[in-house]
Every structure is written in C-alpha cells, then in structure tokens.
Amino acid sequence: YLQSVSPTTAKVIWTTTGGGEGSVRVRAAGDTEWTTIVADAELFDTARTDDEVDYSAYLAELNELSPSSAYCYEALEDGETLASNLTLRTGWVGAGADEGSRPLRVIAFGDSGNGSPEQAQLRDVFMADDYDLFLHLGDMAYGDGTFVEFETNMFQVYRDFLHRVPSWPTIGNHEFKTDSGQPYRDVYYLPEQAFRDDEQEYYYSFDQANVHFVSLDSNGERIVPIALDLAERYDDDMFDWLAADLAGSDAEWKIAIFHHPPYSSSSRSPNGTVRSQLLPILEAGGVDLVLVGHDHHYERTVPIKAGATAPHEQGGIYYFVAGAGGAGV
C-alpha cells in the first residue's frame with residue numbers, strides 16, 4: 001500500500017510472513033531499466049498484535065521521482081517477486097499537472113471497517129474509477145482498532161486499491177480504543193510533524209496540487225485536555241501546531257479532515273467541544289472545506305462561520321459528513 005506520496009517521493013509498504021529481505025524495483029512508465037531499493041523491515045510478532053502468526057512489515061522509500069509522473073513497481077522478498085504490474089503516480093505542485101490541466105481527484109469516506117457486505121459493495125463501485133488521493137475519515141477498523149481488525153477490515157478489503165492510490169487517514173474513536181491508537185500509528189507511515197514526540201502521527205499535514213490538507217485527532221482524549229487548559233500553560237499542543245501549520249501555507253485551497261462532526265443532523269448530537277475549540281482555528285487559518293465521518297450518512301452544509309451562515313468569500317467553511325463507508329446507516 002502507498003503512503004506519503006509527494007511530487008518526488010513515495011513510500012511502499014507491505015507485510016509478509018516470510019521474514020526475508022524485502023526490496024522494491026521501480027521504473028518510470030515507458031522505461032526499461034529498473035532501480036532497486038532495499039526495504040526496512042519491522043517484526044510484528046503475535047505478542048504485539050494478538051494475531052495468529054508473526055509477520056514483518058516492509059517499508060521502501062522511493063526518492064528522486066519526477067512530479068506528476070507514472071511509475072511501475074514490484075515488491076520482492078529474497079529476490080522473488082511477490083507482486084508485479086503495480087503502478088503509482090506522483091503528486092504535483094500548482095493548479096494541475098500542466099498548469100491547470102486537470103483537477104485533483106479525491107475519494108473520502110469514513111466508518112467503513114466492519115467487514116459488511118455494504119463495505120464491499122461500495123468498494124466495488126469506486127474501484128473502477130481513478131483517484132489521486134484516498135482520505136479515510138476514521139473508524140476503518142471496528143470495533144477496537146486492533147491489528148487483526150486493521151488487517152481484516154481495512155487492508156484485505158481494499159488491497160487492490162491501496163497499492164495504486166495513496167491513503168491519508170484520520171484517527172476515529174474506534175481506532176483509539178486499543179492502546180490509544182497505537183496499532184493505527186504502527187500500520188500507517190505518516191508525516192511526523194507534531195510539536196510533541198508522543199503525539200507524532202495523530203495529526204499531520206501534506207500538500208497535493210493546489211491544496212493543503214490537515215488531518216486532525218478529534219477524539220475527546222486529545223481535544224478535552226486542550227479545552228481545559230484555560231490558562232494556556234502549554235504552547236505545543238495540537239491546536240498550537242494547527243494554527244502555525246495553517247498560517248504557514250499559502251495554498252489556494254485548505255481542507256481539514258477529522259472524525260467527529262461539528263455540525264450534523266443525525267440522531268447523535270454534534271460535537272460541541274470540537275465546534276467551540278477547533279473551528280475558530282480553522283476559520284482563522286482560512287480553511288475552505290472540512291470532511292468528517294462518525295455519523296453513518298452523507299450530508300453537507302452551506303458555508304458556516306462563527307456558527308452562522310456566511311458566504312465562502314467571507315470565510316464560510318463547507319462541512320461534509322461522509323460516514324457512509326459501510327457500517328450501518
């Protein structure tokens with residue numbers, strides 16, 4: 001599966017039970033000469049995962065790639081091909097691949113990972129289309145975000161999609177249930193940008209085309225302690241990082257993804273803490289669009305600013321709930 005694909009880099013990750021030396025062969029589409037990259041390996045034993053077998057995760061980092069370009073790649077173990085005829089496309093900077101030649105195509109949904117027939121049905125619909133990014137809005141591993149649930153309800157379900165479309169997730173409440181989301185942090189290889197070392201990969205940002213994306217941790221375990229810091233004793237929490245991150249971007253579009261809806265018409269109440277604490281930072285930082293899950297349906301708002309409707313041109317943000325990924329609606 002692809003992670004952290006940029007205009008010039010990409011991460012290729014896979015797991016096997018073989019334990020041999022892993023490598024990736026890569027070449028630009030149309031070329032005949034391969035470049036081989038030796039992968040780093042990490043053991044995931046049964047004591048760590050509660051799985052039935054030990055396995056190893058392999059990470060191959062591809063560098064010095066060309067922007068907006070197609071590449072072919074293969075994964076190998078001890079020189080034997082495990083997977084071939086795989087392709088990836090690098091990102092680009094600006095309005096399009098050739099100065100506005102095409103839009104950025106994104107698929108985004110949450111609340112998928114319960115192994116239901118509906119999850120597979122949705123997968124079969126979007127598998128036929130091409131996308132540049134896959135944004136998962138949380139709850140990809142029901143019910144507790146364990147390693148086994150990630151394997152069964154995420155990677156096995158989307159295996160033929162994840163090797164060609166890079167996935168950028170945000171952590172949901174179900175992922176947080178096991179060891180405060182440690183399996184989530186172990187199976188994804190995300191940018192480490194947090195001010196605090198113990199919060200790496202819970203939130204991060206990246207750029208693609210003319211869009212700046214931020215992925216945030218909206219779980220109460222993260223949000224509530226910040227909200228209770230009325231004296232603002234700390235200046236290195238997620239909100240501080242977010243304000244600095246948004247201020248440092250001059251991208252044409254800014255999109256935030258997290259799990260819990262600040263606005264929703266479902267039977268659940270909208271998340272008031274997220275709304276009161278997080279949205280002022282997003283508004284001040286010029287965010288255009290927010291994508292969330294948690295509520296198992298689809299809806300969108302008109303632009304909203306400071307709790308009231310406001311034109312997008314005056315800082316109003318569109319909020320999309322896209323939590324119909326497969327769990328019961």
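This is a short chat about how to read a few features of one predicted model.

Biologist: Before we start, what should I know about the model and its numbering?

Modeller: It is a predicted model, where local features need pLDDT of at least 70 and side-chain atom pairs count only at pLDDT 80 or more, while totals for chains, interfaces and linings use all residues. Residues are numbered from 1 along each chain as its sequence is written, and side-chain values use heavy atoms, with hydrogens and water left out.

Biologist: How many residues does the largest nonpolar core have?

Modeller: In soluble globular proteins, nonpolar side chains tend to be buried together. A nonpolar core here is a set of buried Ala, Val, Leu, Ile, Met, Phe, Trp, Tyr and Cys residues joined through side-chain atoms within 4.5 Å. Buried means under 20% relative accessible area, exposed over 50%, and partly exposed in between, with a 1.4 Å probe and protein chains only. The largest core has 73 residues, and F150, M154, L216, L242, F258, L282 and V290 have the most contacts inside it. Helix α3, residues 147-162, gives the most to this core, with eight residues. Apart from it lies another core of 18 residues, V26, A39, L65 and Y71 among them.

Biologist: What is F150 in contact with?

Modeller: Contact means heavy atoms within 4.5 Å. Leaving aside neighbours within four places in sequence, the partners of F150 include M140, F155, P183, Y184 and Y188.

Biologist: Now the sheet. What is the order of the strands in the open sheet?

Modeller: Strands (E, at least two residues) and helices (H or I, at least four) are DSSP runs, numbered from the N terminus. Two strands pair if DSSP finds at least two bridges between them. Here four strands run in the order β4-β3-β7-β8, with antiparallel pairing. β4 (35-38) and β8 (80-89) stand at the edges, each with a single partner strand, so one side of each is left without a neighbour in the sheet. The twist averages 25 degrees from one strand to the next.

Biologist: Over how many bridges do β3 and β4 pair?

Modeller: Four, in the antiparallel sense, with β3 covering residues 22-28. V24 has I37 in β4 as its bridge partner. Six residues sit between the strands of this hairpin, and G30 takes a positive phi near 95 degrees. For comparison, β7 (residues 70-77) pairs with β8 over seven bridges.

Biologist: Is T36 buried, exposed or partly exposed?

Modeller: T36 lies in β4, and at 48% relative accessibility T36 counts as partly exposed. Leaving aside neighbours within four places in sequence, T36 is in contact with S23, V24 and R25.

Biologist: And F44, buried or exposed?

Modeller: F44 is in strand β5, residues 40-44, and counts as buried at 2% relative accessibility. Beyond four places in sequence, the contacts of F44 include V53, Y55, F147 and D186.

Biologist: How do I read a helix pair? At what angle do the axes of α6 and α7 cross?

Modeller: Axes are lines fitted to C-alpha atoms, for helices over the stretch in contact, and angles run from 0 to 180 degrees between N-to-C directions. The axes of α6 (residues 238-247) and α7 (residues 272-284) come within 9 Å and cross at roughly 15 degrees. That makes α6 roughly parallel to α7, a word for angles under 35 degrees, with over 145 roughly antiparallel, 65 to 115 roughly perpendicular and the rest oblique.

Biologist: Which residues meet there?

Modeller: F239, L242, A243 and L246 in α6 meet Q277, L278, I281 and L282 in α7.
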